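Subject: Structure handover

Hello,

Here is the structure I said I would pass on. Please look at it first, and then read the notes below it.

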Protein chains: 2
Amino acid sequence: MKRLFNYKNQPKIIGVSSICGPKEAQSNFAKYFELKLKDDKYYEETFEKAESKMMYTVIKNAITNSGKKETDIDSIFSGDLLNQIMSSSFSARNFDCGYFGIYNACATFCEGLILASSLIDSNYQDNIVCATTSHFSTAERQYRYPLELGSTRPPVSQWTVTGGGAVVLSNKGNYPKIMQGFVGRVIDYGVIDANNMGAAMAPSAFDTLYSFFKETNTTPNEYDLILTGDLGVLGGKLFRDLMWEKGYNIKKQHVDLGEIIYNSNDEEYQGGSGAGCSSLMFCSYFYNAIKERKYKKVILMTTGALLSSISSFQGESIPSITHLVVIGCGA
Amino acid sequence: MKRLFNYKNQPKIIGVSSICGPKEAQSNFAKYFELKLKDDKYYEETFEKAESKMMYTVIKNAITNSGKKETDIDSIFSGDLLNQIMSSSFSARNFDCGYFGIYNACATFCEGLILASSLIDSNYQDNIVCATTSHFSTAERQYRYPLELGSTRPPVSQWTVTGGGAVVLSNKGNYPKIMQGFVGRVIDYGVIDANNMGAAMAPSAFDTLYSFFKETNTTPNEYDLILTGDLGVLGGKLFRDLMWEKGYNIKKQHVDLGEIIYNSNDEEYQGGSGAGCSSLMFCSYFYNAIKERKYKKVILMTTGALLSSISSFQGESIPSITHLVVIGCGA
């Protein structure tokens, strides 16, 4: 099984954009988020239409920020948590380029980066956008309960981030670059509590990072940061423990994007989650920090819980997947 | 915009498998379908679990038929119509290899073929499975009405195929091969009738084939067959008319897989549809015919209507996409 992709030409991330809702605009990282919405309906009639518009806006802004024109873009890889990835499909109709709809739940962002990097690295295409979004109000009512019910949230739960991010990948320029990709496989340890996704995803994050270290013969110390999105507080701890048991101490490098996005308070418990959490956080503070060479070599892992409301209802456990990319600062 | 992928190494389709339900087992093509289920619940408690099992079985059988072992497979590209592509994710947990979840509705099969062929052509991976399934009873109750309601179907509707297919792509051997890929873009002509998907998808199929002919400077006569899956009777006619208006007569080569899967009767009206229709039909009669050199160069186009039950409910029109691959017989 070949899981490691070594990119000879190392596709460059030539532009990014990020968008977030009013709650996320209170984050410690808020000053790095490009567009902060005051209205989480984004002046639309429904939350679903708002999320599609968020996806459209963040893609459009990333293209503008990259200095490219819309006509330069060859294709878009995008995904979100809505049934039939509605935000992705409906935003893609506004762009005159190829479209690949992808879905690996909250692991979708790195899935897109791996596939898009492969297409650019091998010259099938020159400029590709990867984007993901999520929205608290669309996810909550689709996966859990009607918003109007005001359900009490269990302490192991995470809060779905209203936000998203987009990158433009290209074959030229002195920018942060995708050096390697490592494909996740589906891991299912039998966790059935759909509120405790951190516990369901931690073994998958472990499987990917442990296999990656083995295959590349590298150690945590060779990386400035190991980012996961989004295991949450508990899931992150489980993940570090699993790595520690196999002799890898990642305490110094590991940061979970879900754990840090919100300033700690009771409402979110374990932190943020959602397909847009990792892309929002990466396409703002972390991209800038890599660009400024504050971090030179970063592992970004996105973790996805592949459940649906039907699968949980039918008593199924939660299969999980984690994809990984290595991002380096420019030459 | 680069939409055309020319595969230098032309990935080979070294094995296929197909699976279908009891209704599809009455098709004129039934003798070419590998596994014909007598029970459309496949001995499971729910239709959703049955569809996951169908996806698992067809992937497993395709690997066996290809002469490869499961440990030879690098990754699976799969998609289906269920929310959060449940059949794909839940079947993938049974295979110890990489997983890329993809979703472009009924265009998913060619989306997978384009991406998997790119990864093999450029040597990132050696053996990849692409699979799609659909199930009448999971789709009907998710997208339309409860099965128990016994709703009358409008004459423009198509019948979701219970079935699916899988291919194993590899870098070696004298087998039918993927010569080119052509990426679809999202087209939305404002059709809002979720029962009339043929009309929604025809302009998208036209956009892809017309652009492909222009870009490759080829004509319909250079291909033995132009397969679409699935426009249905009416959609197929609209598609041929649109091509004719631009000076391309494809009457001789064009076959719609949805139109031919069922022996004409009132129940299905426009024919079959569903992510599994095109893969079921391709991975049986048509693959064999190409292997036997009955057809030497075939265009396969899968067409997807990117709606969701929420988008229709919120008054949205139906964006559509069509991906294309050119398949040639072995050397």
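Start with B:Ser308. Leaving aside its neighbours within four places in sequence, B:Ser308 is in contact (heavy atoms within 4.5 Å) with A:Asn83, A:Gln84, A:Met86 and B:Tyr143. This residue sits in the loop between strand S13 (297–305) and H9 of chain B; helices (H or I, at least four residues) and strands (E, at least two) are DSSP runs numbered from the N terminus. B:Ser308 has a relative accessible area of 1% and so counts as buried. Buried means under 20% relative accessible area, exposed over 50%, and partly exposed in between, with a 1.4 Å probe and protein chains only.

How to read the values: this is a predicted model, in which local features need pLDDT of at least 70 and side-chain atom pairs count only at pLDDT 80 or more, while totals for chains, interfaces and linings use all residues. Residues are numbered from 1 along each chain as its sequence is written, chains are lettered from A and ligands numbered from 1 in the order in which they are written, and side-chain values use heavy atoms, with hydrogens and water left out.

Next, the interface. The contact takes 62 residues from chain A and 62 residues from chain B. Together the two chains bury about 5300 Å², 56% of it on carbon and sulfur atoms; buried area is the accessible area (1.4 Å probe) that two parts lose on being put together, summed over both. On the chain B side, B:Lys2, B:Gln84 and B:Tyr124 lose the most area to chain A, together 16% of what that side buries.

Between chain B and chain A there are 43 residue pairs in polar contact, both residues at pLDDT 80 or more. A polar contact is a pair of N or O atoms within 3.5 Å; within protein, one must be able to donate a hydrogen and the other to accept it, and residues adjacent in sequence count only if both atoms are side-chain atoms. H3(B) gives the largest share of the side of chain B that touches chain A, 6 residues.

How are the two copies related? Chain B can be laid on chain A with an RMSD of 0.0 Å by a turn of 180° and a shift of 0.0 Å along the axis, superposed by least squares on the C-alpha atoms of residues with pLDDT of at least 70 in both. The copies are thus related as by a two-fold rotation axis. In chain B, the C-alpha nearest the axis belongs to B:Ile102, 2.1 Å from it.

Last, the salt bridges (a side-chain nitrogen of Lys or Arg within 4 Å of a carboxyl oxygen of Asp or Glu). A:Arg93 lies in the loop between helix H2 (86–92) and strand S5 (98–101) of chain A and B:Asp188 in the loop between strand S9 (177–182) and helix H5 (197–216) of chain B, so the pair joins two chains. A:Arg93 is partly exposed at 24%, and B:Asp188 is partly exposed at 23%.

Within chain B, the side chains of B:Arg3 and B:Asp207 form a salt bridge (3.4 Å, N to O). B:Arg3 is in the segment before S1 and B:Asp207 in helix H5, 204 residues apart, and both are buried. B:Asp207 also meets B:Arg185 in a salt bridge (2.7 Å, N to O).

Regards
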